[in-house]
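Hi there,

Here is the structure I promised to pass on to you. Please open it and keep it beside you while you read my notes.

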Amino acid sequence: MSQAATATVRSRWLPAYLALVVATSIATGVVSWLVLPRPELGPLLLLCLMGIVSFQIREPDVGLRISFSFLSIILVASAAIVGVFGAWVVGSVSMLIDRRQPRWTATMFNAAMCGLLGAAAALTYRLLGGAEGSGMTNMSTAELGLHVGLPLLAADVVGCLVNASLISGVLHLDQGIPFGVQLRRVLSGSGVAYVGYGIIGLLFVILWFPAGLDAFSALLVLAPLLAARWAFIQYGEELRSHERTIDTLVTALGTKEPAAVDRSRRAAVLAEWIAEELGLPPGQIGTVRYAATLHEIGHLGVATRLLRRSPSSLSPTERRVIDGHCVVGARMIEGIDFLEDARSGIRHQHERFDGTGRPDGRAGHDIPIAARIVAVTTAIDDLVRDPDAAPVVSVADVARRLRADPGRFDPDVVAAAVVALDKHGWPASAPAEVAS
């Protein structure tokens, strides 16, 4: 696949997709206004205000693909408090004012998407027989769980799926990201958080109706959420400091071996793709990315004259010196707490799946998953760019060569790598003549 072919191309269907989502959202609002019960104005205005505030103070990039916004909590609660039309209004209005988004088309899409999310959640709650208004007042705990809790959590799940599907659709058309890949990214990054949002939304509804606190319940819910937002911001700053540390280490390696910087970046991208295909959670994907980025950091302890020579010109002793970089690299980052899990991925990258590798002769799944992934990513990079090897012309060719030595790699990781390359193409700076 040529670099031109792998470049991001905006689909000509994107405007039609945006128009369809906006039109569907408007139609949903009109139909729900005409057919379904209308909400009280006071609660609707309060929830709209809460939605606007929550969207404006959101943290879209805490790190490790985690974002923080309690707009979803407001929408889940709106399903029970103001019904389908009210939830649609809350969702639509909350995103109409976006100081961070310069494109009006994106703002309109976000507003339409959030309106559909709110309406879908509220309609799910209604269809499942969720209690409304004063009907919750005299319910027992069991009845609240059955007639409020379960329908509200189901509504939360539906809202999560609508959100993930619409976002994946627009990113597929706008940036060329495969729909399935993006869907998994969204669900793995926010799916668990949505369950928590549903529980908090349920608490909000119980405080509003059965507890009889009405609008005052908003204050009781918002206060801990603002405290949680502060904690997430601190967490995000910590993750960004981790990234700066990684960049510093790679820069230091680049002063000795400039080509290693690009290799590290390509390895990190491919390793992340493979980890996603294997269904690893976000935290573990981060560990894999760190290990892949720093897989050659041990080269700082290898003589420069050896690094600059062609692999075919090295003696067995010199080859062993270079191959020992994995142990050196693991020692170099010892004591850096956030890289502790990545250390094993660096140390064991030269182990073989059949147990005949080094440095410790680990076999099978006793080899850390990060090391198994790094082993495959570096082998692929070598196959594509090694001037002493026969040229690689396709993903199938890569798969064939990786599988030619069945004891070397984890077959599940190899399969995931093939799927990832078929979906994404080659990481940046691959030779233009290589085809998929």
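Predicted model: local features only at pLDDT ≥ 70, side-chain atom pairs only at ≥ 80, totals over all residues.

Residues are numbered from 1 along each chain as its sequence is written, and side-chain values use heavy atoms, leaving out hydrogens and water.

The protein has 18 helices and two strands (DSSP runs, H or I of at least four residues for helices and E of at least two for strands, numbered from the N terminus). Of its 436 residues, 49% are buried, meaning under 20% relative accessible area with a 1.4 Å probe, protein chains only. Cys 160 counts as buried because its relative accessibility is 8%, and Cys 326 does so at 2%. The structure holds zero disulfides (pairs of cysteine sulfur atoms within 2.5 Å).

Now for the pair of helices. Helix H17 (residues 395-403) packs against helix H18 (residues 411-424) at about 170°, with the axes 10 Å apart; axes are lines fitted to C-alpha atoms over the stretch in contact, and angles run from 0 to 180 degrees between N-to-C directions. H17 and H18 are therefore roughly antiparallel, the term for angles over 145 degrees.

Happy exploring!

Note on methods:
Buried < 20%, exposed > 50% of the residue type's maximum accessible area, 1.4 Å probe, protein only. Parallel < 35°, antiparallel > 145°, perpendicular 65-115°, else oblique.
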